[in-house]
Amino acid sequence: MTQATPDAIRLDSVSKSFRLDDGNSVTALEGIDLGLREGEFVAVLGPSGCGKSTVLRLIAGLESASTGEVRIEGRAPSQLAAAHRLGVAFQDHALLPWLSVAQNIALPYRVAGTKVDNARVDALIELVGLTGFRDARPSQLSGGMRQRASIARALVLDPDVLLLDEPFGALDAVTRRHMNVELQRIWSTRTLTTLLVTHSVDEAIFLADRIIVMTGRPGRILREVTVPFPRPRDPSVLRTPEFHAMVDELTLALEPEEAAL
Amino acid sequence: MTRLSQFLARNWAVLLLLALWQGWVSLAGLNSIVLPAPWPVLRDVLSHPALYLANAAQTLATAAAGVAIGLALGALVAVAAWASRLLAGMLTPLGLIFSSVPVVALIPILARLLGYDISTVVAIVAVSAFFPTFVFVGAGLKDLPRGADDLFGVLGASRAARLRHLVLPATVPNLMIALRITVPEGVLAAILAEFLMGRSGLGFMFREAASRFAMERALGTSLVVTVAAVLCFSLAHRAERVVRTRWS
Ligand SMILES: Nc1ncnc2c1ncn2[C@@H]1O[C@H](COP(=O)(O)OP(=O)(O)OP(=O)(O)O)[C@@H](O)[C@H]1O
Ligand SMILES: [Mg+2]
């Protein structure tokens, strides 16, 4: 890796506080410095409520930083969205209930005003394992199936930046592993700067180049770990002692109170 | 046997009403000018099918035209209010006030303004459908599925794309609620307007018959009106249910 390439995504001493209805405010993030190189895959781990989704929403341009600055390719995040180059899979899938699976996945084309590439939509449906459900509506799917549809939708426009907020949270271990392998395959074929929020240490290590561990109240970055495993990563990596050692190390980092005992 | 008991179970209230009606007329020995018995009323309807059908068709067509115009305009103005904050500030309070004014109060005013003919009846129905539609569709435009706003944000949606792909489809169930409310109301408004100022239709037919004490004809008209209103209501209700399940 060359240090000369500037970061594709940069957060510079970003803090974020929310004003609550009772007039008080809560500090969700404080002093966040984070850079993602172009094409880098970064996973974010941390306890519930520590501000992971908030980081993702700042990068997506859905929230603005209270202090500090968020930049994508040196510009405001909203410009990337306006160019239809951003793919996001939200924590709560956000599928439109009146559209079928295929129509939901094709929605980004319609919103961008370009022709729907049906072959690509079908390929993505197959990729996320929803063949046979292309005409089903979201209410007829399970939670995990909805998440997979929303991942397909995030990928359909072939974005340059991909943001995934616990996209596999509702999946069983086998489907999750399968999706991990598929995601890695897509990711290896092209340059795609990715931020993945997850609760699974295994998943983070298997997929990411670098892992950010956060702590809560207020949300800060506790540590950053570079994942040493070479790519492409075969699922057999998951069984190596190095992998297990890294899982243990990160799991411990996520439980600082118990580590101190 | 089960057919009969099913029929009784579903329609016992109507049958009871008919029995009470018949009983009251025979026991009190009422003159048919005061209140005719059920059977002569039904016989009048059955022996003049063309007359009743023609007038019912006229009333329903008037109501349908008025409801269609009212729904279209109500939805259009609601979208205009969505698109412009200035318009919203003007229209929303107006819509809320007018949607609570009863149609009866508007009929004389509109008749005076537009003249005493069929287009005025259509206009009255349209007005009665306009305000509920405006209010419901306006509410539907703001009632978006969870997360949809964020989704359209990250998709870089223009305001036009947001309207077309999110806001308009999201309001369809509310448009159907407006339909369910305005269809029976529109039928009643059409009949009322015909009664007060019309030259044809069921409302006029009732007034005309009552004025010459043809009570079988008058009550026959009421019967047809009731059946038509119930039919319209259940059709609109069913349409709303179908769309709602499709939309959730
Ligand atoms: N819109 C908001 N208004 C007020 N407070 C908010 C808002 N969004 C987030 N917060 C607060 O910010 C903090 C971080 O929330 P965030 O959703 O980023 O957590 P998270 O790390 O994604 O949690 P989880 O793993 O449970 O999804 C929480 O304390 C939350 O209450
Ligand atoms: Mg979250």
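Predicted model: local features only at pLDDT ≥ 70, side-chain atom pairs only at ≥ 80, totals over all residues.
Reader: Which residues of chain B does the UniProt annotation "transmembrane region" cover?

Author: The annotation comes from an unreviewed UniProt entry.

Reader: How far apart are the end C-alpha atoms of residues 60-82 of chain B?

Author: Residues 60-82 of chain B are 100% helix and 0% strand. For comparison, residues 94-115 of chain B are 77% helix and 0% strand, with end C-alpha atoms 25 Å apart. For residues 60-82 of chain B the distance is 32 Å.

Reader: What area is buried between chain A and chain B?

Author: The contact takes 21 residues from chain A and 21 residues from chain B. Carbon and sulfur atoms give 67% of the buried area. The area itself is about 1900 Å².

Reader: Which three residues supply more than any other three of the area that chain A buries against chain B?

Author: The buried area between the two chains is about 1900 Å². Of the area that chain A buries against chain B, 34% comes from Trp98(A), Val111(A) and Arg137(A).

Reader: Which side chain meets Arg57(A) in a salt bridge?

Author: The rule finds two salt bridges across the interface of chain A and chain B. A salt bridge needs a side-chain nitrogen of Lys or Arg within 4 Å of a carboxyl oxygen of Asp or Glu. In one of them, at 2.7 Å from N to O, the partner of Arg57(A) is Asp150(B).

Reader: Which element gives the most to the side of chain A that touches chain B?

Author: Across the interface of chain A and chain B, seven residue pairs are in polar contact, both residues being at pLDDT 80 or more. On the side of chain A that touches chain B, two or more residues come from each of α1 (52-60), α2 (77-82), β5 (86-89) and α3 (101-112) of chain A. The element that gives the most, with four residues, is α3(A).

Reader: How many nonpolar residues are on the side of chain A that touches chain B?

Author: That side of chain A also has two polar and five charged residues. The nonpolar residues number 14.

Reader: What is the distance from an oxygen atom of ligand 1 to an N or O atom in the side chain of Ser48(A)?

Author: Ligand 1 is surrounded by 13 residues, and the closest are Ser48(A), Gly49(A), Lys52(A), Ser53(A) and Thr54(A). A side-chain N or O atom of Lys52(A) is 2.7 Å from a ligand 1 oxygen, and for Thr54(A) the value is 2.6 Å. For Ser48(A) the distance is 2.5 Å.

Key: Residues numbered from 1 in each chain as written. Chains lettered and ligands numbered in written order. Heavy atoms only, no water. Contact = heavy atoms within 4.5 Å. Buried area = accessible area lost by both parts, 1.4 Å probe. Polar contact = N/O pair within 3.5 Å; in protein donor to acceptor, adjacent residues only side chain to side chain. Nonpolar A, V, L, I, M, F, W, Y, C, P; charged D, E, K, R; others polar. UniProt positions renumbered as here; feature names shortened; annotations may be inferred. Near = heavy atom within 4 Å.
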